[in-house]
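Trainee: I would like to learn how to read a structure that is new to me. Can we go through it feature by feature?

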Amino acid sequence: MRIVVTGRQGQVVSALLERGPAAGVEIVALGRPELDLTDAASIRAAVSAARPDAIVSAAAYTAVDKAESEPDLAFAVNAEGPGALAAVAAELGVPIVHLSTDYVFSGEKTAPYVESDPTGPVSVYGRSKLEGERRVAEAQPNHAILRTAWVYSPFGANFLKTMLRLGETRDAVNVVADQHGTPTSALDIADAAIAVARRLAADPDPSLRGTFHLTGSGEATWADFAEAIFAEREARTGKRVTVGRIGTADYPTPARRPANSRLSGETLGRVYGLVLPDWRQSTKAVLDRLL
Ligand SMILES: NC(=O)c1ccc[n+]([C@@H]2O[C@H](COP(=O)([O-])OP(=O)(O)OC[C@H]3O[C@@H](n4cnc5c(N)ncnc54)[C@H](OP(=O)(O)O)[C@@H]3O)[C@@H](O)[C@H]2O)c1
């Protein structure tokens, strides 16, 4: 099976390139300049030439704060691009797995979000990703939209790597402790995305299509995540970094973030039998590689 994935050096595309061979899947990564999500013609040409059996739409404009001042580019990459990609998937008769985000929700719910909860993004990034979901679903009914959150990995830029970098020069770091979610390893996302793509390509069951939540098991705040990272680091290096637990109000950013980013994975578990490992376990596995 050959899966085309959008992007070249992103966290999820890198994880797919690493995990594909062991799963018996050929991963073809298509990114700029060959495939630019702001250029529908490049999407059609590059994807058609690669002759995929399934497509994973992993590339995105992920600079959440910068998106507030670049809404047109965010919508071009996160909404129009995936819509054009899904249209190509429909033309080729192949399924598309599209990655989306917890930021489609407002964060006001007090329990974990389920797929049928009303959306209400509070940022440009969230609105652009929600519009991407709508366009993918409209263009190719044979889809699975996987909403994930708080992605980290050995690749690219992410919170875990930022904490390791800060810990090189500081003894204490202040981290937001009033946003709740679940850190999710891109390697776990890759395994799940391959499993979902494989099922979609082989099984016409309508229950496999639609929107699903895909995050690590368990829950945390950003401060909890930082403490877990520094505890693992201390166990290996002896160097201690303490975490100051601050509020969102103490760390102003251009984009608002949901206070509650917890996504229930119950549907994916029931329909696909996929449950991601506990976030602490996967964090340790990533740190095993980085430290
Ligand atoms: N990161 C998170 O915390 C998070 C949370 C929830 C959901 N998600 C979603 O999960 C998916 C994967 O995220 P990630 O963390 O892997 O993202 P990432 O590491 O920021 O990578 C983004 C990828 O998108 C590519 N890209 C950006 N603009 C493009 C364009 N115009 N044309 C083609 N490719 C373009 C980048 O290309 P280059 O390789 O050329 O740089 C890169 O490969 C995204 O859909 C994201 O919205 C992420």
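Trainee: Which residues around the ligand come nearest?
Mentor: This is a predicted model, and what follows should be read with that in mind. There are 25 residues around the ligand, and the nearest are Gln9, Val12, Thr62, Tyr125 and Lys129.

Trainee: Where do backbone atoms of the protein lie 2.9 Å from the ligand?
Mentor: One place is Gln11, where a backbone N or O atom is 2.9 Å from an oxygen atom of the ligand. Another is Leu37, whose backbone N or O atom is 2.9 Å from a nitrogen atom of the ligand. A polar backbone atom of Leu99 lies 3.3 Å from a ligand oxygen atom. The ligand taken alone exposes 910 Å², of which the protein buries 84%.

Trainee: Leu99 lies in strand S4. Is Leu99 buried or exposed?
Mentor: Leu99 has a relative accessible area of 7%, and because buried means under 20%, Leu99 is buried.

Trainee: How many salt bridges does a search of the whole structure find?
Mentor: The general idea is that side chains of opposite charge can pair when their charged atoms come close. Here the search finds 21 salt bridges. One of them joins the side chains of Arg2 and Glu26, with N to O at 3.1 Å. Arg2 belongs to strand S1 (residues 2-6) and Glu26 to strand S2 (residues 26-30), so this pair ties together parts that are 24 residues apart in sequence. Arg2 is partly exposed at 25% relative accessible area, and Glu26 is partly exposed at 40%.

Trainee: Which salt bridge does Arg236 form, and how are its partners placed in the helix?
Mentor: An α-helix has 3.6 residues a turn, so residues three or four places apart point the same way. The side chain of Arg236 meets that of Glu232 in a salt bridge of 2.6 Å, N to O. Glu232 and Arg236 are four residues apart in helix H7 (residues 222-237), a separation of about one helical turn. Arg236 is partly exposed, its relative accessible area being 32%.

Trainee: What is the salt-bridge partner of Arg270?
Mentor: Arg270 pairs with Glu266, and their closest N and O atoms are 3.2 Å apart. Both residues lie in helix H8 (residues 266-272), four residues apart, which is about one turn of the helix. Arg270 counts as exposed at 55% relative accessibility, while Glu266 counts as partly exposed at 47%.

Trainee: Which residues are linked in a network of salt bridges?
Mentor: Glu131, Arg134, Arg135 and Glu138 are linked in such a network.

Trainee: How should I read a helix with buried residues? Which residues of helix H2 are buried?
Mentor: Look down the helix axis and note where the buried residues fall. In H2 (residues 40-50) the buried ones are Ser42, Ile43, Ala46, Val47 and Ala50. They fall within an arc of 110 degrees, so they line one face of the helix. On the face turned away from that buried side are the exposed residues Ala41, Ala45 and Ala49.

Trainee: What polar atom does the backbone nitrogen of Ala59 lie 3.0 Å from?
Mentor: That atom belongs to the side chain of Thr6. Thr6 is in strand S1 and is buried, with a relative accessible area of 1%.

Trainee: Which residues does a cis peptide bond join?
Mentor: Most residues other than glycine have a negative phi, and most peptide bonds are trans. In this model, the bond between Arg32 and Pro33 is cis, with omega about 0 degrees. Pro33 is in the loop between S2 and H2.

Trainee: What is the phi of Arg51, and what is the phi of Trp150?
Mentor: Arg51, although not a glycine, has a positive phi of about 50 degrees. Arg51 sits in the loop between H2 and strand S3 (54-57), and is exposed at 65% relative accessible area. Trp150 has a positive phi near 50 degrees and is also a residue other than glycine. Trp150 lies in the loop between strand S5 (143-148) and strand S6 (151-152), and is buried, with a relative accessible area of 7%.

Notes. Residues numbered from 1 in each chain as written. Predicted model: local features only at pLDDT ≥ 70, side-chain atom pairs only at ≥ 80, totals over all residues. Heavy atoms only, no water. Near = heavy atom within 4 Å. Polar contact = N/O pair within 3.5 Å; in protein donor to acceptor, adjacent residues only side chain to side chain. Areas by Shrake-Rupley, 256 points an atom, 1.4 Å probe, with all protein chains shown as cover. Salt bridge = Lys/Arg side-chain N within 4 Å of Asp/Glu carboxyl O. Helix = DSSP H or I, 4+ residues; strand = E, 2+ residues; numbered from the N terminus. Buried < 20%, exposed > 50% of the residue type's maximum accessible area, 1.4 Å probe, protein only. Arc of directions from axis to C-beta.
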